[in-house]
Amino acid sequence: MTPGEIDKELTRLEGELKELEVEYNQYFAGRLARPPWDTRKRVDTLAKKLDRTHMNNTGMRFRFQTIQTRYAKFIDLWDRGLRAREEGRPGPF
């Protein structure tokens, strides 16, 4: 992939992650009936694709690692919230 394509994919990943965050917030607020599994799968697939891509540019690599870390923290938080909801106890929200 060229640096321009990688930059577009990183921007797309950031947008998808923001959309996923909004959908999870809506789910935990009771506005969505089920968790946003489709959006989460799209974000996961895009993150894996970029993870396998070789990035020569240190700035792009840092940007991707920052997005990846943020995604991992969100996944942990959302999974704890889902587990708490299934067990019938108050969660992290």
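Guide: Let us begin with Arg 42, which counts as partly exposed because its relative accessibility is 38%; buried means under 20% relative accessible area, exposed over 50%, and partly exposed in between, with a 1.4 Å probe and protein chains only. The model is predicted, so local features need pLDDT of at least 70 and side-chain atom pairs count only at pLDDT 80 or more, while totals for chains, interfaces and linings use all residues. Residues are numbered from 1 along each chain as its sequence is written, and side-chain values use heavy atoms, with hydrogens and water left out.

Visitor: What makes the pair Arg 42 and Glu 19 a salt bridge?

Guide: The term requires a side-chain nitrogen of Lys or Arg within 4 Å of a carboxyl oxygen of Asp or Glu. For Arg 42 and Glu 19 the N to O distance is 3.4 Å, so the pair meets that definition. Arg 42 belongs to helix α2 and Glu 19 to helix α1, so the bridge ties together parts that are 23 residues apart in sequence. Helices here are DSSP runs of H or I with at least four residues, numbered from the N terminus. Glu 19 is partly exposed, at a relative accessible area of 33%.

Visitor: How many salt bridges are found in the whole structure?

Guide: The search finds twelve. Among them is the one between the side chains of Glu 9 and Lys 49, at 3.7 Å from N to O. Glu 9 lies in helix α1 (residues 3–29) and Lys 49 in helix α2 (residues 37–52), so this pair links parts 40 residues apart in sequence. Another joins Arg 89 to Glu 87, with the closest N and O atoms 2.7 Å apart. Salt bridges that share partners also join Asp 7, Glu 14 and Arg 63 into one network.

Visitor: Why is Glu 9 called buried, and what is Lys 49 called?

Guide: Glu 9 has a relative accessible area of 13% and is therefore buried. Lys 49, with 38%, is partly exposed.

Visitor: Why are the buried residues of α2 said to line one face of the helix?

Guide: The buried residues of α2 are Thr 39, Arg 40, Val 43, Leu 46, Ala 47 and Leu 50. Seen down the helix axis, they fall within an arc of 130 degrees, so they line one face; the arc is that of the directions from the helix axis to the C-beta atoms. On the other side of α2, Asp 38, Lys 41 and Arg 52 are exposed. The cover over the buried residues includes α1 and α3.

Visitor: What makes Arg 40 a buried residue, and which residues is Arg 40 in contact with?

Guide: Arg 40 has a relative accessible area of 14%, and therefore counts as buried. Leaving aside neighbours within four places in sequence, Arg 40 is in contact (heavy atoms within 4.5 Å) with Leu 20, Tyr 24, Tyr 71, Ile 75 and Asp 79.

Visitor: Which residues touch the most other members of the largest nonpolar core?

Guide: They are Leu 10, Leu 13, Leu 50 and Trp 78, in a core of 21 residues. Helices α1, α2 and α3 each supply at least two residues of this core. A nonpolar core is a set of buried Ala, Val, Leu, Ile, Met, Phe, Trp, Tyr and Cys residues joined through side-chain atoms within 4.5 Å. Not counting residues up to four places away in sequence, Leu 50 touches Glu 9, Leu 10, Leu 13, Met 55 and Phe 64.

Visitor: Why is Arg 70 called partly exposed, and where is Arg 70 placed?

Guide: Arg 70 is in helix α3 (residues 58–87). Its relative accessibility is 35%, so Arg 70 counts as partly exposed. Beyond its neighbours within four places in sequence, Arg 70 is in contact with Leu 17 and Glu 21.
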